[in-house]
Amino acid sequence: MNKTLIHQWLGCAVLGLCAVVAQAQAQTATTVRIGWIGPLTGPSADFGVPMLNGARLAVEEINAAGGYLGRPIELVIKDDTGVPDVGLARAQELIADKVAATVGFCNTGVAMKALPVFQTAKMPLIVPCATGTPITEKYPAPESYIFRTSARDAIQAPFVVEDIVARGWTRVAVFADTTGYGEAGLQDVIKALAAKNLKPAYIARFALGVKDLSQELKAAQAANADVVFSYTVGPENAVIALGRKAMGWKVPQVGAWPLSFPFFIDGAKDAAEGALMAQTFIAEPSNERRRAFLSAYGRKYQVNKITVPMAAAQAYDTVYILTYAILGIRNGDLSGPSIKAALEHMQRVYYGVTATHQNPFTKDDKDAVSMNMLVMGMVKNGTVTFAYPQDKTKNLFVQRKK
């Protein structure tokens, strides 16, 4: 399928935008400016770059189909470097730039620092990557301008716990970093274990950048842990895997989606094999929608492999969801409160790459992803695939929120 045909299919068959464009010839060509914020430099760029690439791909396709009522969409891009104070400053710049809404944040700690900027300005923020549960809990849902299209840790943690208990592993050692992401994730794991009448067999906390966790791993082994649940976003996941290998301690490593990152898979090499993690999207052409996305992404960016597929796919879907929402605003009012209301009452169904989004948000629910949308991924031969054959079958059909 060539690039033109992909754009035609995505622009007309999937979006249903062509009829809207036909009615928009008299509209001004002034761009609709959408903010984008995430890490393009620094350690978190591994998933910030594909997040930007996914968003850019969606914008290109949407503009080819007519944009918003004939007005092209423009991304205003800010690099937060994965540093909270930088993210705060960049968020303030987006407010000054008067963007209509913002798509952004890979790091929970960076997002949490900047959330008050968006809430105070009444500018909708849709988070496609950061998963820390507190992000959408900081403000009461009815008043909140903070939306999310990634799977929050409050559903990732119980999803993984459910799987490991089903496998017969009940003595869980939790390794969590001391960032906002690690702290929130640890609490979600503890809650998920408590729901199964379990407690962590051992808990290790560590700062980002640690190079040796051998003492903590030995303590976890002494506690008779039969599985390691790691909650960190960087190379520390690989430090844990390599430490287990050096000890000859053959227990599985499980976790949330960062176990699908190059930091872990490339950093740990064969020590990463068999690791299990929650995923919303696995980069296999399991249906026509995903095949078209993977083909379009590969052509545009000249790559055979997306470094962090979930980041790219979720950002791509996020831009489409935002566009679908604002297409319901026919009077051109793109103020923050108007876009917030449009997101909460999205009129069209969006058949996305990661999920089918029908009413992804409501006034009382700002998280678009539910647990049924998750699958268990496994590292195999240096890449992430489906842990279970039934998940691969399930993934033939894009899931809807429950």
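Colleague: Which residues in α11 do P50, N53, G54, R56, L57, E60 and E61 in α3 meet?
Modeller: This is a predicted model, in which local features need pLDDT of at least 70 and side-chain atom pairs count only at pLDDT 80 or more, while totals for chains, interfaces and linings use all residues. Residues are numbered from 1 along each chain as its sequence is written, and side-chain values use heavy atoms, with hydrogens and water left out. Taking contact as heavy atoms within 4.5 Å, the α3 residues P50, N53, G54, R56, L57, E60 and E61 meet, in α11, F293, A296, Y297, K300 and Y301.

Colleague: What is the orientation of α3 to α11?
Modeller: Helix α3 covers residues 45–64 and helix α11 residues 288–301; helices (H or I, at least four residues) and strands (E, at least two) are DSSP runs numbered from the N terminus. Their axes, lines fitted to C-alpha atoms over the stretch in contact with N-to-C angles from 0 to 180 degrees, lie 11 Å apart at an angle of about 100 degrees. Angles under 35 degrees count as roughly parallel, over 145 as roughly antiparallel, 65 to 115 as roughly perpendicular and the rest as oblique. The angle therefore makes α3, relative to α11, roughly perpendicular.

Colleague: How do the residues of the contact of α12 with α13 divide?
Modeller: Here α12 and α13 (residues 336–344) pack at about 105 degrees with axes 8 Å apart, so α12 is roughly perpendicular to α13. I321, L322, A325 and I326 in α12 meet I339, A342 and L343 in α13. Ala, Val, Leu, Ile, Met, Phe, Trp, Tyr, Cys and Pro count as nonpolar, Asp, Glu, Lys and Arg as charged, and the others, Gly among them, as polar. The division is no charged, no polar and seven nonpolar.

Colleague: Why is the pair of Y320 and Y350 stacked?
Modeller: The pair links distant parts of the chain, Y320 in helix α12 (residues 309–327) and Y350 in strand β11 (residues 350–351), 30 residues apart. The ring centres are 5.4 Å apart, and the pair is stacked because its planes stand at 10 degrees.

Colleague: Are Y320 and Y350 buried or exposed?
Modeller: Relative accessible area under 20% means buried, over 50% exposed, and in between partly exposed (1.4 Å probe, protein chains only). Y320 has 0% relative accessibility, and Y350 has 0% as well. Therefore Y320 and Y350 both count as buried.

Colleague: Which charged end sits over the ring of Y320?
Modeller: Y320 belongs to one aromatic cluster with F281, F293, Y297, Y301, Y316, Y324 and Y350. A charge sits over a ring if NZ of Lys or CZ of Arg is within 6 Å of the ring centre and within 35 degrees of the ring normal. At 6.0 Å from the centre of the Y320 ring, the charged end is that of R289.

Colleague: What is the phi of K98?
Modeller: K98 lies in the loop between α4 (84–96) and β3 (101–104), and at 70% relative accessible area K98 is exposed. Most residues other than glycine have a negative phi. K98, a residue other than glycine, has a positive phi, near 60 degrees.

Key: Rings of Phe, Tyr and Trp (its six-membered ring) pair if their centres lie within 6.5 Å; planes under 30 degrees apart count as stacked, over 60 as edge-to-face and the rest as tilted.
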